[in-house]
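This briefing goes through a single protein model by topic. Please keep the sequence and the coordinates at hand while reading.

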Amino acid sequence: MADVHDSKTRSKNMRAIKNRGTAIEIKVADLLVEAGFSFREQVQDLPGKPDFVVDDYKAIIFVHGCFWHHHNCYLFKTPATRTDFWMNKIRNNVRNDQRVMQNLLNHGWRILIVWECSLRGRKQLPHNDIVERIEEWLCSSTKTSYIDTKGIFTLP
């Protein structure tokens, strides 16, 4: 399948994609407020500039886009054009995610990843389910977990 845009237009479109304050991050912020948690956003002095830091629970919440962080779900599609370039970029993102998470864990932080597919799309979780899963995880002692369309799970 050919790209419908020339390289200049595609480049402009890709530069326009935000890396903070996205719709899914705003949704998670609203969920945290609704649940009554205090948090900081986009914390610059921590590895990976976490999307949310809940200091009272020594917890970090990352909101990951399924494409950019290679989630194995229905929202991830292998690019049809420049496949090697995009897959290399995505692999680097995943490696960076692993490095950042290990660094944070070494410093005593707990980590929750909320995947985009749990927040939007035809298989998204109901609003109350996500709030309950986040609250459940924050109040637990589990070090690393993720939330996707099937619920909450502990990372290996």
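How many residues does helix α3 have, and how far does helix α3 reach from its first C-alpha to its last? In this predicted model, helix α3 (residues 83–106) has 24 residues and reaches 35 Å, which is close to the 34 Å expected at 1.5 Å a residue.

**Helix α3 and what follows**
- The buried residues of α3 are Trp86, Met87, Ile90, Asp97, Val100, Met101 and Leu104.
- Just after α3, Gly108 adopts a positive phi of about 85°.

- Six strands make up an open sheet with mixed pairing, in the order β1-β2-β3-β4-β5-β6, and its edge strands, β1 (40–41) and β6 (151–154), each pair on one side only.
- Strands β2 (residues 52–54) and β3 (residues 59–64) are paired in the antiparallel sense over 3 bridges, with Val53 standing opposite Ile60 in β3.
- Helix α5 (residues 127–138) lies across β2, β3, β4 (110–115), β5 (144–148) and β6, and runs at about 170° to β4.

**Aromatic rings and charges**
- Among the 8 aromatic pairs of the structure is the edge-to-face pair of Phe37 and Tyr57, with 5.6 Å centre to centre and 75° between the planes.
- Phe37 lies in the loop between α2 (23–35) and β1, and Tyr57 in the loop between β2 and β3, so the pair ties together parts that are 20 residues apart in sequence.
- Phe37 is buried, with a relative accessible area of 12%, whereas Tyr57, at 31% relative accessibility, counts as partly exposed.
- One aromatic cluster is formed by Phe67, Trp68, Phe76, Phe85 and Trp86, and the charged end of Arg82 sits over the ring of Phe85, 4.1 Å from its centre.
- The charged end of Arg110 sits over the ring of Trp137, 4.2 Å from its centre.

Methods: Residues are numbered from 1 along each chain as its sequence is written. This is a predicted model: local features need pLDDT of at least 70, side-chain atom pairs count only at pLDDT 80 or more; totals for chains, interfaces and linings use all residues. Side-chain values use heavy atoms; hydrogens and water are left out. Two strands pair if DSSP finds at least two bridges between them. Helices (H or I, at least four residues) and strands (E, at least two) are DSSP runs, numbered from the N terminus. Contact means heavy atoms within 4.5 Å. Axes are lines fitted to C-alpha atoms, for helices over the stretch in contact, and angles run from 0 to 180 degrees between N-to-C directions. The expected span of a helix is 1.5 Å times one less than its number of residues. Buried means under 20% relative accessible area, exposed over 50%, partly exposed in between (1.4 Å probe, protein chains only). Rings of Phe, Tyr and Trp (its six-membered ring) pair if their centres lie within 6.5 Å; planes under 30 degrees apart count as stacked, over 60 as edge-to-face and the rest as tilted. A charge sits over a ring if NZ of Lys or CZ of Arg is within 6 Å of the ring centre and within 35 degrees of the ring normal.
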